[in-house]
Amino acid sequence: MFKTNKSKKQKLLIVTILALVTIILTSYYPKNIINKKVIAKTKFSPEIQEIIDKYNPIQPPRGDVRLLVISDLNSAYGSTEYEKEVHLALKMIPFWQPDLILSSGDMIAGQKSTLTPSQIQGMWKAFDSQIAQPIRDLKIPFGFTIGNHDASGAISNNKFTFQQERDLAVEYWQNPSHNSNLNFIDSNLFPFYYTFEQQGIFFLVWDGSTSNIPDDKLAWVEKSLSSKTAQEAKMRMIIGHLPFYAVAKGRDKVGEVLNNSEKLITLLKKYNVHTYISGHQHAYYPAHKEDLQLLHTGALGSGPRQLLNTNTTPRKTITVIDVNFNEDNLTNYTTYDMLKLDLIDNKELPRFIKGHNGIIYRRDIPK
């Protein structure tokens, strides 16, 4: 009897020691080391494994929900080709295994009056075959906002200057074969204004392809954000192409940011929106304006830009957002320089950026 009790005590002691060692290792060693071991056990296609072996990318700790954010994919006006970084990002999607992919606009290269309908349709066909269809094949929902090169909302003489491009964008996105697999809440004005839900997150998309969002659409925004569905969600995010504030050289002027930024931010704060995701500036900068997180996504396609008041090298980037509902900040960003899939350290970026219409602080700098 004595030996049996001793054996049980020894087993219990061993189990306890192993548990403590696991806790210590998990807390002491960088999470990416543990994640690399997980990656090593994951079976990837030979093509993806070759990329992993070449660049040895770090896999961030996974949250409750993982978002992959891409932006400004296009090349020169009328182009039906995408640059190598875009193709690399598409190949690497199974590595990140996102629950949702978001695009903050400029998926094709329009906004030119001389483009013919067949040219515009050709660009959407190229986008579909090279980007949208591979995402559909992975059965990952794809949320997006319209950019100025997709279907600009510019107005002249009370008419849309690029009505043809807007009509063809609607034709493409409302084609049943181009299903984006989103859980829509309101799709009456899709693809320009719509809402959807993903694993407890309420998403609102507005047409930020120009600097002005009409009053009637802002009324729709307020109605949507104040809805029971939005307010009962675990968090709320908005996606639009133009940002509230300028962050990049060459884009620090009226027309390159949304009008009445302070007014719009007040509206978002009223309904406890956590994050506004934008593109257009072609420079990655994770910021905040008081409690509102502002993710300025970098360009994945052509034309990356320098951040304002810096000598930083323009970089093509992609951002993974891991949402953790039990953390105060809710979101963790992991952003890759797509040249070699190196991580971008926040400390490489300026503490704040001051543009023509205001100042914003890096998201880790206290307000």
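Reader: What handedness is the crossing where H9 passes H11?
Author: H9 passes H11 in a right-handed crossing. Note that this is a predicted model.

Reader: At roughly what angle do the axes of H9 and H11 cross?
Author: The crossing angle is roughly 20°, and the axes come within 10 Å. Angles under 35 degrees count as roughly parallel, so H9 is roughly parallel to H11.

Reader: Which residues make that contact?
Author: From H9, Leu 218, Val 221 and Glu 222. From H11, Leu 264, Leu 267 and Lys 270. By class, that gives four nonpolar, two charged and no polar residues.

Reader: Switching to H6 and H8. What angle do they pack at?
Author: About 35°, with the axes of H6 (residues 117-137) and H8 (residues 163-173) 11 Å apart. H6 passes H8 in a right-handed crossing.

Reader: Which residues of H6 and H8 meet?
Author: On H6 they include Ile 120, Trp 124, Phe 127 and Arg 136. On H8, Leu 168, Tyr 172 and Trp 173 are among them. The contact has nine nonpolar, two polar and four charged residues.

Reader: New topic. Where is His 241?
Author: In the loop between strand S9 (235-239) and helix H11 (261-270).

Reader: Is His 241 buried or exposed?
Author: His 241 counts as buried, because its relative accessibility is 0% and the cut-off is under 20%.

Reader: What does the side chain of His 241 reach at 2.7 Å?
Author: The backbone oxygen of Ser 104. The His 241 side chain also has a polar contact of 2.9 Å with the side chain of Asn 148.

Definitions and conventions. Residues are numbered from 1 along each chain as its sequence is written. This is a predicted model: local features need pLDDT of at least 70, side-chain atom pairs count only at pLDDT 80 or more; totals for chains, interfaces and linings use all residues. Side-chain values use heavy atoms; hydrogens and water are left out. Helices (H or I, at least four residues) and strands (E, at least two) are DSSP runs, numbered from the N terminus. Buried means under 20% relative accessible area, exposed over 50%, partly exposed in between (1.4 Å probe, protein chains only). A polar contact is a pair of N or O atoms within 3.5 Å; within protein, one must be able to donate a hydrogen and the other to accept it, and residues adjacent in sequence count only if both atoms are side-chain atoms. Axes are lines fitted to C-alpha atoms, for helices over the stretch in contact, and angles run from 0 to 180 degrees between N-to-C directions. Angles under 35 degrees count as roughly parallel, over 145 as roughly antiparallel, 65 to 115 as roughly perpendicular and the rest as oblique. A crossing is left-handed if the near helix is turned anticlockwise from the far one by less than a right angle, and right-handed if clockwise. Contact means heavy atoms within 4.5 Å. Ala, Val, Leu, Ile, Met, Phe, Trp, Tyr, Cys and Pro count as nonpolar, Asp, Glu, Lys and Arg as charged, and the others, Gly among them, as polar.
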